[in-house]
Amino acid sequence: MGTSPIKILIVDDIGETRENLRKLLSFDCGFLVIGEASNGKEAVALTKRLKPDIVLMDINMPVMDGIEATRIITVEAPMSTVVILSVQGEQEYLREAMAAGARNYLVKPFSVDELINTIRKTHDLEVQRRARIMPIVAPQRKLGRVVTVFSTKGGVGKTTIATNLAAELAKRSNRSVVLVDLDLQFGDIAIMLDTVPVRTIADIAREEEVDSEIVEACLFTHDTGIRVLPSPLRPEQSEIVTGRHVEAILGLLAESFDFIVIDLPQGLADISLTAMDAADIIFLITSLELPAIKNAGICLEIMDALGYEDDKVKLVVNRSSKEIGVDIGEMENALKRTVDIHIPSDGRLVVQSVNKGVPFVLSNPTAKVSLAIKDLARIVDPQSGGERTEKGGPYCEGISPRRRIAGMFAGIFSFFIHG
Ligand SMILES: Nc1ncnc2c1ncn2[C@@H]1O[C@H](COP(=O)(O)OP(=O)(O)O)[C@@H](O)[C@H]1O
Ligand SMILES: [Mg+2]
């Protein structure tokens with residue numbers, strides 16, 4: 001990690017050797033000895049618990065030797081790197097230790113400089129290597145469901161929906177939920193939840209390596225129980241956050257949360273595409289205005305071209321109303337697909353909720369707009385029964401059968417022209 005010291009575990013069966021190593025390492029504030037073990041078994045247990053960056057490992061030890069311990073650490077605690085401490089004449093063991101996954105070695109006796117340089121070089125190389133592989137490795141271990149809330153346009157209700165959906169998921173299923181604000185320039189999640197964040201996603205991007213510790217350190221906990229990863233405080237701080245960071249962060253969050261709800265900025269920028277690639281469900285939000293519908297149509301077509309599964313994209317109309325805007329049936333005809341969820345307009349409640357910093361699904365759980373959010377939550381978490389037993393209001397149509405779009409443009413334009 002950036003400026004934080006390299007954390008070291010010393011493993012040697014001789015107390016005096018451990019003491020000497022500790023002293024040598026204390027001369028350099030770039031190192032921090034976080035523990036000592038006197039045999040391989042202890043070393044494995046402590047590595048798993050303390051997660052050192054570097055394990056300085058002796059070879060010949062009672063109970064379990066350093067080679068066996070290295071093999072276990074390489075497989076079971078791959079975020080720690082082993083450097084072997086050997087004595088002259090142990091060449092054969094050394095080869096075995098390297099084959100077991102050790103990354104470097106020191107032959108005793110060694111100088112302070114040798115010790116420090118070896119640790120630093122090994123660590124630096126490992127950090128670089130991980131920066132490359134982590135985004136690829138992390139999503140493969142995915143457990144939680146990733147949900148993105150997206151639209152082509154600003155002001156259609158993405159942030160409102162993402163925030164309330166996260167609160168609803170946390171409430172109804174009592175599962176762990178993290179809300180990620182990827183509207184990096186002008187994110188509103190923190191203010192919607194009435195919080196001034198101390199750390200943001202920019203603090204993660206500043207680190208050399210994205211690991212679960214730094215991600216965890218940048219989350220805050222809202223009263224609702226949801227954890228939140230806020231967007232940078234200023235737009236100019238957003239530039240250091242890349243698609244690779246986002247991929248790594250989402251991969252790590254998916255390992256420890258049941259649901260990862262992501263609020264996106266408008267439009268198809270690189271970061272949004274990265275998040276949508278990683279998503280299990282994309283809620284595409286539109287209003288009932290012609291430009292928004294036209295753009296939603298184009299967007300559906302692009303998502304199809306990107307190979308997103310049919311079931312991954314859900315069409316959501318926000319501020320749905322029979323009185324104003326385009327008729328829903330006509331819109332469905334134009335887009336050649338049905339709307340999955342209708343969220344009604346409720347200006348009074350939504351504004352009140354934003355100003356209080358309390359999601360409306362909590363303050364007014366039976367309002368129609370809250371019931372519509374419950375329908376979204378049911379799509380995300382179909383296993384959970386929720387507390388609701390019956391469907392509410394004319395706006396809550398539930399999940400409709402889906403039809404894929406073909407000849408989107410033809411449909412839209414003939415609708416606009418002949419409509
Ligand atoms: N269903 C709704 N009913 C009434 N007002 C809404 C609704 N959804 C969103 N709004 C209002 O619309 C505005 C834009 O919402 P916001 O969530 O910030 O959109 P976005 O994140 O897409 O830019 C806000 O003032 C919000 O209070
Ligand atoms: Mg927003």
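This is a predicted model: local features need pLDDT of at least 70, side-chain atom pairs count only at pLDDT 80 or more; totals for chains, interfaces and linings use all residues.
Biologist: Why are α10 and α11 called roughly parallel to each other?

Modeller: The axes of helix α10 (residues 243-256) and helix α11 (residues 270-278) cross at roughly 30 degrees and come within 9 Å; angles under 35 degrees count as roughly parallel, and α10 and α11 are therefore described in that way. The crossing in which α10 passes α11 is right-handed.

Biologist: Which residues make that contact?

Modeller: From α10 the contact takes G243, V246, E247 and L250, and from α11 it takes D270, I271, T274, A275 and A278. Sorted by class, the contact of α10 with α11 has 5 nonpolar, 2 polar and 2 charged residues.

Biologist: What makes α2 and α3 roughly parallel to each other?

Modeller: Helix α2 (residues 40-50) packs with helix α3 (residues 66-76) at an angle of about 20 degrees, their axes being 9 Å apart. Since angles under 35 degrees count as roughly parallel, α2 and α3 are therefore given that name, and α2 passes α3 in a right-handed crossing. On the α2 side G40, A43, V44, T47 and K48 take part, and they meet A69, I72, I73 and E76 in α3. The classes in the contact of α2 with α3 are 5 nonpolar, 2 polar and 2 charged residues.

Biologist: How many cavities of 30 Å³ or more does a search of the whole structure find, and what makes such a space a cavity rather than a pocket?

Modeller: The search of the whole structure finds 1 cavity of 30 Å³ or more, and the name cavity is used because a 1.4 Å probe fits at its points but cannot get out, whereas a pocket is an open set. About 50 Å³ of space lies in the largest cavity, which is lined by T160, T163, N164, M192, V350, S353, V354, V358, P359 and F360. Both α6 (158-173) and α14 (347-356) supply at least two residues of that lining.

Biologist: How do you know which classes the lining of the largest cavity divides into?

Modeller: Ala, Val, Met, Phe and Pro are among the residues that count as nonpolar, while Asp, Glu, Lys and Arg count as charged; on that basis the lining of the largest cavity divides into 6 nonpolar, 4 polar and no charged residues.

Biologist: What lines the second largest pocket?

Modeller: The second largest pocket, with a volume of about 430 Å³, is lined by 28 residues, of which G155, V156, G157, K158 and T160 lie nearest its centre. The largest share of its lining, 4 residues, comes from α6, and by class the lining of the second largest pocket has 13 nonpolar, 9 polar and 6 charged residues.

Technical notes:
Residues are numbered from 1 along each chain as its sequence is written. Chains are lettered from A and ligands numbered from 1 in the order in which they are written. Side-chain values use heavy atoms; hydrogens and water are left out. On a 1 Å grid over the protein atoms alone, a cavity is a set of points where a 1.4 Å probe fits but cannot get out, and a pocket is an open set with protein on both sides within 12 Å along at least five of seven lines; lining residues have an atom within 4 Å of a point. Grid points are joined across faces, edges and corners, and a volume is the space filled by probe spheres set on the points. Axes are lines fitted to C-alpha atoms, for helices over the stretch in contact, and angles run from 0 to 180 degrees between N-to-C directions. Angles under 35 degrees count as roughly parallel, over 145 as roughly antiparallel, 65 to 115 as roughly perpendicular and the rest as oblique. A crossing is left-handed if the near helix is turned anticlockwise from the far one by less than a right angle, and right-handed if clockwise. Contact means heavy atoms within 4.5 Å.
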